[in-house]
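Here are my notes on the model you sent.

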Amino acid sequence: MQVQERVINILLVEDDEADVMNVRRAFKKNNITNPLYVATNGIEALSMLRSEGGNPAIVPPTRRLILLDLNMPKMSGIEFLHELRTDPELRKTPVIVLTTSNQDKDRVEAYNLNVAGYILKPVTFTNFAETMATLNRYWMLCELP
């Protein structure tokens, strides 16, 4: 199997610029070379995932993974998950929630919408970088739809 086939197209749905920078820094620190696309809210994310007006999706449709914050403007992470799961083209896309929300209702609702994981954002950058490295190792092993 060629290395190219193991590339994962990662869409980070995150409105906090500091968190986006932390993800980029963690990728660099861990030599994670998968393409990283960033959407600042759920509406923008859906647009990046869908082919519209004859144009291909911004995020390539193969081997996609979404890292999703829950607390965002315009469309919350939970609203985004509802929309994603009702779209026949997108519903199989694996989603990892990466959030500061430690509320049981958010966790339960996210898992009810078939998230692949629910991770609380680590407070320190070192722990954040370790979390990204672990996620990367795990997803490189997985066979994605």
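1. Contact, as used below, means heavy atoms within 4.5 Å. The structure is a predicted model.

2. With that cut-off, and not counting residues up to four places away in sequence, phenylalanine 80 touches Gly42, Ala45, Leu46, Leu49, Ile66, Leu68 and Met75. Phenylalanine 80 belongs to helix 3 and is buried, its relative accessible area being 0%. Alanine 26 is another matter: 54 residues separate it from phenylalanine 80 along the chain, and the two C-alpha atoms are 25 Å apart.

3. Helix 3 spans residues 77–86, and its buried residues are Gly77, Ile78, Phe80, Leu81, Leu84 and Arg85. These residues lie on the same side of helix 3, because the arc they cover around the axis is only 155°. In general, an α-helix has 3.6 residues a turn, so residues three or four places apart point the same way.

4. What do the buried residues of helix 3 pack against? Their partners are helix 2 (42–49), strand 3 (64–68), strand 4 (95–99) and helix 4 (104–112).

5. Arginine 64 sits in strand 3 and deserves a separate look. Arginine 64 is buried but has no salt bridge. Glutamate 89, the nearest side chain of opposite charge, is 7.7 Å away, whereas a salt bridge requires a side-chain nitrogen within 4 Å of a carboxyl oxygen.

6. A polar atom of the arginine 64 side chain does lie 2.7 Å from the backbone oxygen of valine 59. Leaving aside neighbours within four places in sequence, arginine 64 is in contact with Asn9, Leu49, Ala57, Val59, Leu90, Thr93, Pro94 and Leu144.

Technical notes. Residues are numbered from 1 along each chain as its sequence is written. This is a predicted model: local features need pLDDT of at least 70, side-chain atom pairs count only at pLDDT 80 or more; totals for chains, interfaces and linings use all residues. Side-chain values use heavy atoms; hydrogens and water are left out. Buried means under 20% relative accessible area, exposed over 50%, partly exposed in between (1.4 Å probe, protein chains only). Helices (H or I, at least four residues) and strands (E, at least two) are DSSP runs, numbered from the N terminus. The arc is that of the directions from the helix axis to the C-beta atoms. Lys and Arg count as positive and Asp and Glu as negative; His and the chain ends are not counted. A polar contact is a pair of N or O atoms within 3.5 Å; within protein, one must be able to donate a hydrogen and the other to accept it, and residues adjacent in sequence count only if both atoms are side-chain atoms.
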